[in-house]
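Hi everyone, thanks for making the time.

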Amino acid sequence: MNKSFLIRNPSTLWFLLGLSIFTIVVTILSDAGLGIMSTSFVKTLGKTLCLCLIAVAMDVVWGYCGILSLGHFAFFGIGGYAVGMWLMYARTEGIVLDSLATQTIPPTAQEITDAIGNQIFGVVGSSEFPVIWAFSDSLFLQLLMVVLVPGLLALVFGWLAFRSRVTGVYLSILTQAMTLALALYLFQNDSGLRGNNGLSGLQNIPGFEDTPQSTISLAFFYASALAVALGYVLFAWVTSGKMGSVIKAIRDNESRVRFLGYHVESYKLFVFTITAVVAAIAGALYYPQAGIINPAEIAPIASIYLAVWVAIGGRGRLYGAVIGAAFVSLLSSWFTGGGAPAIPLGFYTIQWTDWWLVLLGVSFVAVTLYAPKGIGGLFDYLVRKPS
Amino acid sequence: MSTLLEVDGVSVSFDGFRAINNLSIQIGEPELRAVIGPNGAGKTTFMDIITGKTKPDEGRVTWGDRNISLLGMSESEIAMEGIGRKFQKPTVFEDQTVRENLAMALRNPRGPFAVLFYKKTKEGGQRIEEIAAEIGLSDSLTRRAGELSHGQKQWLEIGMLLAQDPRLLLVDEPAAGMTTAERELTTDLLKRAAKTRAVVVVEHDMEFVRRLDCKVTVLHEGSVLAEGSLDHVTADQTVIDVYLGRQ
């Protein structure tokens, strides 16, 4: 990655500039500045940035490489679970130690572990720590899990799928099946991740009990903005140059690329895995801001929304994915959060909480049919090349 | 001229239909060879077998000086051995520029990480210029391949084959849909390429084959019906009966 790379890709520089301005404006409006913007809205924007990051990853795997994965939200969720395990363990440990501190006889290590287990798993009728929580006391190891678990899952799944030359709609179905299987597994109480309760209280960061949420929210907002910036530059680099040429060629005519001597499966596996890891990092930043993660987050519909965002924003251009994710997800929370006024028609009243999905579905169909370049396609009118 | 490719006793069936039936062909290096035959004679399947797209039921396909078997190798491995293929329908990457299309085909390491960290080299750029000159697309390097005319796309694809620097070029109906002037250029291009390597041209068009002025193999129902100069095979009574007689 050298200087000329950024100069050759002015859209990346423009994006970074826009992101920086956005970050500064939010800081000024937040409690750290004028105090106009509520903490919860800062969190919403931070979460939106994480969604933008996974959308960029989705755009690379789908828009550039032609793999319509309906499973990338599963990697996002795994990232969230991995970081959530440490958050929950460390916080519960703090609470347990505080409450046991008043006892006259100092508690043994076993008693402490049992008490923490009871606190965390009591809700699913257990107090034993499942094997997968083995590293939950170490932030470093759990952060490693954020990258390793989805990375390995994507690598193994991708290897099996691409090696068998599963492509197109069959691959989409396969990724969706993987996502569904994971969600159904997590819904079980004995999955070791608290079943449908999921992990909660993730907004309380251990070690920062006395720090106000307004500060924490801003810190996560910055971290998310940084992650988006780094992820964007990484993927702009991957999709430029010869690598970009090859993966776009795979999207357009896979077998031709094979006859050119490229091992197509390796490329797909590379793209699938690297985007899965970035999706997981986005998830690991998202859920501490959301405060809770449960298996419903991983349900296949989430991955389908992801594809819808990218399609509406504009496939095959990274900023399109960012625009799509930000625009649709913010609009979605406005409509479903009761922000949009109901429309009384006399005989029927349109409640947007119910009708938003219909509107989204119609826009998706309309964009696919009439504006395949999505919202990002509008930029082509701004920078019209002399022809 | 030494034998580069030897197809020996190869048969393949699709759902009971014998597309290739005990086919044996030898290609030397360098050599220009035309393969002709009526529809369904097995010309495209013959190419599919050599390039690894179709696995034969029986027979051997041996390649190169060390007589290695191509059966069991993947398409990309066979391509890296030095066999380039041009499809019947021009298949270039229309979204990308002529230069990008050629750069992708250049003989360079093909692994994902080698490609990710690939740096443009002066030699590579020169080679692209040379090939572009060869295929008459010097002025179009920055154009999107999708904007090219049908004939230019065919040439670009031949150029991509040359960029791969293969020892054997398999060219499927290069003249289809070309104007007379374009055909002449294509003939010259293939003849020049065949000076240093083996070129196998599958073609329907007799006039085009006559211009190539090379050894001809006539396929019929999946096996070789006749082989020799064009005049020799067109004088062959069985060839006239099954192929030429129909016209």
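This is a predicted model: local features need pLDDT of at least 70, side-chain atom pairs count only at pLDDT 80 or more; totals for chains, interfaces and linings use all residues.

Okay, chain B. It has 10 helices and 10 strands. How compact is chain B for a chain of 247 residues? Its radius of gyration is 18 Å, close to the 18 Å that the globule rule gives for 247 residues, so chain B is as compact as a globular protein of that length. If you like to think in boxes, the C-alpha atoms of chain B fill one of roughly 55 × 40 × 35 Å along the principal axes. As for burial, 44% of the 247 residues of chain B count as buried. And if you take the contacts in chain B between residues at least 6 apart in sequence, 68% of them join residues at least 24 apart.

Now, where do the chains meet? On the chain B side, 21 residues are in contact with 20 residues of chain A. Which elements of chain B give two or more residues to that side? Those are α2 (75-81), α3 (98-105) and α4 (112-116) of chain B. By class, the chain B side divides into 10 nonpolar residues, six polar and five charged.

The buried ones are V98(B), E100(B), N101(B), L102(B), A103(B), M104(B) and A105(B). What covers them? The cover includes α9 (241-252) of chain A, together with α5 (122-134) and α6 (150-163) of chain B.

That α9(A) brings us over to chain A. α9(A) packs with α11(A) at an angle of about 105°, the axes being 11 Å apart. That makes α9(A) roughly perpendicular to α11(A). On the α9(A) side you have V246(A), I247(A) and I250(A), and on the α11(A) side V264(A), Y267(A), K268(A) and V271(A). The residues in this contact are six nonpolar, no polar and one charged.

α11(A) turns up again in the core. The largest nonpolar core has 180 residues, and those with the most contacts inside it are L53(A), I54(A), A55(A), V56(A) and A282(A). Which helix gives the most to this core? Helix α11 (residues 264-290) of chain A does, with 18 residues.

Let me zoom in on V56(A), which sits in helix α3 of chain A. Is V56(A) buried or exposed? It has 30 C-beta neighbours inside 10 Å, so V56(A) counts as buried. Leaving out neighbours within four places in sequence, V56(A) touches G231(A), Y232(A), F235(A), L318(A), A321(A) and V322(A). For a sense of scale, V56(A) and W355(A) are 299 residues apart along the chain, and their C-alpha atoms are separated by 28 Å.

Last stop, the helix that holds V56(A). The axes of α3 (residues 39-64) and α12 (residues 300-313) of chain A come within 9 Å and cross at roughly 80°. That makes α3(A) roughly perpendicular to α12(A). From α3(A), the contact uses I54(A), A55(A), M58(A), D59(A), W62(A) and G63(A), and from α12(A), L306(A), A307(A), W309(A), V310(A) and G313(A). By class, this contact has eight nonpolar, two polar and one charged residues.

That's my tour. Over to you.

Definitions and conventions. Residues are numbered from 1 along each chain as its sequence is written. Chains are lettered from A and ligands numbered from 1 in the order in which they are written. Two residues are in contact if their C-beta atoms, placed from the backbone, lie within 7 Å. Helices (H or I, at least four residues) and strands (E, at least two) are DSSP runs, numbered from the N terminus. Ala, Val, Leu, Ile, Met, Phe, Trp, Tyr, Cys and Pro count as nonpolar, Asp, Glu, Lys and Arg as charged, and the others, Gly among them, as polar. A nonpolar core is a set of buried Ala, Val, Leu, Ile, Met, Phe, Trp, Tyr and Cys residues joined through C-beta atoms within 7 Å. A residue is buried if 20 or more other C-beta atoms lie within 10 Å of its own, exposed if 12 or fewer, and partly exposed in between; C-beta atoms are placed from the backbone. The radius of gyration is taken over C-alpha atoms; the globule rule is 2.2 Å times the number of residues to the power 0.38. Axes are lines fitted to C-alpha atoms, for helices over the stretch in contact, and angles run from 0 to 180 degrees between N-to-C directions. Angles under 35 degrees count as roughly parallel, over 145 as roughly antiparallel, 65 to 115 as roughly perpendicular and the rest as oblique.
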